[in-house]
Amino acid sequence: MMRRPARTTLLAAGLAAACVVPVAAQEAGGTWQPKLEIPWNRYYRHAELNAWMERMRDTWPGFVELREIGRSYEGRPMVLMALTNQATGAADDKVAMWVDGNVHGNEVQGGEAALYLAWWLLEHYETNERARKLLDERAFYILPSQNPDGRDHWFDAPNTASSSRSGKRPYDNDRDGLVDEDGYDDLDGDGEIGMMRKRVPLGEGTHYQDPDDPRILLPVRGTDKQGDWLLLGSEGIDNDGDGRINEDGPGGYDMNRNWPSDWQPPHIQYGAGDYPLCFPETRAIADFLLAHPNVAAAQSFHNSGGMILRGPGQESIGPYPAADVAAYDELGEEGELMLPFYRYMILWQDLYPVHGGFVNWVYEGLGVFSFSNELWASPQYFGGTRERTGENWYATNRRNQLDWNDSVMLGDVWIDWHEVEHPLYGTIEIGGFKRQHGRVAPSFMIEEMLHRNAMFCARHAEEMPRVEIVSATAEDLGGGLRRVVAVLENKAVLPSRSAWAARNHIGRPDLVVLEGDGVQVLAGGRLADRFRPQRFAMADSEPHRLLLEEGVPGRGRVRCQWIVRGGGTLRVRYQAEKADDRSAEVTAADQVGG
Amino acid sequence: MVSLHRLPAGILFAFCTFLPLPAQQKSTNTLPPGGYLSADDILAHCGELAGKDGVTVRELARSAEDRPLLLLGFGERGGVGRQAVLVVADPDGTRPVASQVAWGLAQELAAGSSPLLEAATVYLVPVANPDASAHLLADGFAWRGAPVDEDHDARSDEDPPDDLDGDGLVLKMRIPDPAGDWLADPNDDRAMRRADPAHGDRPTSRLLDEGLDEDGDRAFNEDGPGGVRLEANWPHRWREHEPAAGPYPLSEPLNRALADFVLERPNIAVVLVFGAEDGLARPAEGVAEPGPDSTEPPKEDADLIRLLAERLYPEAKDGEQGPPRTKPRSAPHGSGGFADWARFQAGRLVLESALWSPPAGEGDEPTEADLLAWNDAAYGGAGFVSWRPFDHPQLGPVEIGGWKPLVRDNPPVERIPALTETWAGFLASLADDFARLEWSGIEVHDLGEGVCEARATLVNTGLLPTVTEMGRRTGRLPRIRIELQLPEGGVLLGGRDRLFAERLAGLGGHQEFRWLYRLPLGSGPARIHAESLTAGSVDAALEVE
């Protein structure tokens, strides 16, 4: 972080001030009064998310800066929150974590999770020492929705739990020269997109009614049952008369396949877009991240399935370097502890292979550790216990979900089958789960989902690189020569440069500079063996200015050594993109080897 | 001009010697081959075509140095299926000949007499990389975009090549070094060749670009001005983390504007690229299954490219001696450029030409000896600066010399009119080639009481396909829409009243369709209609025989 050298002192001043603030036990017995009460039992439209961020800015002056980083295809402002205690330094001058959600329009709860992180830290700034440290010493860049158009469309138009994944730029999915001309149709006008089924007696169908629950249709294949029902897909008609139903709805691409690393065109990767970052939303985010090398960690929120995902997205990328995997594993495994029913997984290996995913680009393109959490896991409905079990996974799963609807929700999330006239199929029935069931948490369980995921971010942020100069000493070698050794220590899990960044020369190497008037630096380099100080890796040029391509490892140390001539005072300065700048005066060594 | 960058402050250098002052910016035409128009002149001339009948001038974007990316349109008019040819000149900014020829073509096309304009629209980008082109002609050095830290030392552009001897050129340094890789040809001291231990060669020299080690890292000229190379910034085979490739594909506004222009126009059937690579002198064979990183088109497209290349290199066709089929020196780089993108991702028929090469002796490509002989004949040796001693402040005694920057890849200016004629003729020859749809083999059987069974075959009688095989594979180009139009009261009994054909190859590619329908009493016949954005539309009546 080289932009403002004065920051080190600012930060120190801020820390000193913070230490004298009394920590009041405001939450005594859970009776606390939030400064800004946000109902965490519902989801918010994009404008409402932005309005909550404005309320936070007004409630906590000096902590929240809102920046419009771009506009969505339909013109919604993409408002990013730069969150930090501005009194201890501007966000862009601190090591920062990126947090976003909702790149898939229907995966709405990531927006609230990102918002909740900011809210909880702000509410607890004065009472929780770790929240205070995060806001004093770190920054967060929070973009609740990567896809505001898809988000609002999911709420405001008839949809399923899985539709409105795309943005809203028109796209010709069926290649008939028309765009978005055959989407879902809300045939019964209830604001939901259900499933269509038709009774075809005498065994002409493909499904039969579950004898335990006639709301459920089960496939006859592999059974001796008579099929009297056809399942006809989601609610809709053949709007363009091409013989297919719902094959070209709004948008029709996947912004989470549009990122530069390992991008492949649409005929190889569905939804990839014409070229990397061709959408206004992805371009704005990429330009922001490229302009902010202080971002040292990233989190993206999706739904669902209960996963803590990391790259690579394809086996062909090869495994990530071992040192990075170790850091990932430590955070991912803690995440499994924090997030019951979530599993820490590798994308291509444990979920599915993707080209051009966001968290893949953040790590492979920018060298920044990044996770993608899939929020909400179906075992959470019944806490993983007391569920029906059976050989037929599909049947038991449907029965469990209907149990949930019938008992816990008093029937609130299921649309009973009812007759509708369809222009092609004649009399059919429409029914099924409403879109708020299955992938987003039910209202009364939202806050728990948000808190656990937000705290996973907070833990990740706490483990962003924290490098200190633990010692800087000079040993007199006689003849006017001195040997100077500086020891840098990183107490956090994450290295100041990922091994991937080092391997691919991403960003700027860390710099360790020895400064002193009237001092000639004869040699300098990293010292691997403290007992054999002659065997150090002497830099080819500019020995006073060492480039640390590998940075300072997580929970590790780096020793730098110089041979100097001349007696003036010396200072060691450490500068990194993803760790705070440090500076220390060199003192006389009292023992050999530093 | 390659300037001597200010030395970074606070660094002790092992030298402190006389450094020559930077040479003055030169006019555009003193470097051999000489007489070329500058990029700025061409852009100005093209701008003056605006308002001329049948000519449109678009500014797609502006470069870092505020030059326009101009796109000229000739014979541009609407109508379904009016196809277009896009000519893009010098996307790498390293072949000024490309823009000279493109400007010549622009003048011909503006005159409006080309038969091609009857059949198709021509779009022409005369200077695709205006900043690089302008710099190359002015000082022999192709400038490349925004500063980049090529050597990853936390400084950008601090160690450029330098004109040490003040002759206005950056040439090569020949450094005596028994641990080097090179030795001089015993027959011609000018020619250097790589020492090959298998031939008993004993290396005598190192070769470096002319310059200093400004940043004291023992590497010379490794972090020169700018860094993002437009031709390394396209999505096909983009090399992530290479400084020249840019932060992401199409990060450069000129490239993105050109990509958007092409993607918005599926009717651009043929893309002609005049640049640093050549695919026509010795066309590729093509491959059965082009993978994600393919460098060769599918076989069907390669066959077509070869057919078209015969028009430029006719000797292989009729056995007569044609123009030499020397493959020009290409400047391959790991990533795919505009042409590869247009071929593999935009799915168009792409023809790449480097336009010109000095003649080769015996091989396919000219050797160093061929080039020197040609230089002696054509320029009296002026294209090569013979090695001359120079006292290098860091390396001691060296020699400076070598090829002047443009001379091996750009012909003497007198050759430009003939080259322009060749390509104008080639463009004109495309007029009859575009995909053309016809209905053929129409059979209608009256099955009684108005019921008819009809068959019809849709044929592409042009040479070009309705969409290339690669374009079909991308799935992003429009298909041919076929409609059965029944008179009022008619009923479709079998088949589909609207369907799509994926691709019809040229020279008789076809697909048969079949319908069963009932006509109302006394009505006229049913009609069929086929329509393609790349091949126009055609109707026919399904008359009972």
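**Chain B in detail**

Modeller: Of the 545 residues in chain B, 46% are buried, a term applied to a residue with 20 or more other C-beta atoms within 10 Å of its own, whereas 12 or fewer make a residue exposed and values in between make it partly exposed, the C-beta atoms being placed from the backbone. This is a predicted model, in which local features need pLDDT of at least 70 and side-chain atom pairs count only at pLDDT 80 or more, while totals for chains, interfaces and linings use all residues. Residues are numbered from 1 along each chain as its sequence is written, and chains are lettered from A and ligands numbered from 1 in the order in which they are written.

Along its principal axes, the C-alpha trace of chain B spans about 105 × 50 × 45 Å. Chain B has 11 helices and 20 strands; these are DSSP runs numbered from the N terminus, with H or I over at least four residues for helices and E over at least two for strands. Among the contacts in chain B between residues at least 6 apart in sequence, 71% join residues at least 24 apart, a contact being two residues whose C-beta atoms, placed from the backbone, lie within 7 Å.

Chain B is divided into domain 1, made up of 39-142, 226-357 and 410-432, and domain 2, which covers 437-542; the bounds come from an automatic or database domain assignment. The C-alpha centres of domain 1 and domain 2 of chain B are 35 Å apart. Their contact takes 18 residues from domain 1 and 19 residues from domain 2. On the domain 1 side, the elements giving two or more residues are α6 (299-312) and α8 (338-344) of chain B. The largest share of that side, 3 residues, comes from α6(B). By class, the domain 1 side holds 9 nonpolar, 5 polar and 4 charged residues, where Ala, Val, Leu, Ile, Met, Phe, Trp, Tyr, Cys and Pro count as nonpolar, Asp, Glu, Lys and Arg as charged, and the others, Gly among them, as polar.

An α-helix has 3.6 residues a turn, so residues three or four places apart point the same way.

B:L406 lies between β12 (396-403) and α10 (416-429) of chain B, and counts as buried because 20 C-beta neighbours lie inside 10 Å. Leaving aside residues up to four places away in sequence, B:L406 touches B:L31, B:P32, B:P33, B:P96 and B:G140.

The contact takes 28 residues from chain B and 31 residues from chain A. On the side of chain B, α5 (253-263), α11 (469-474) and β17 (498-501) are the elements that give two or more residues. That side has 12 nonpolar, 6 polar and 10 charged residues.
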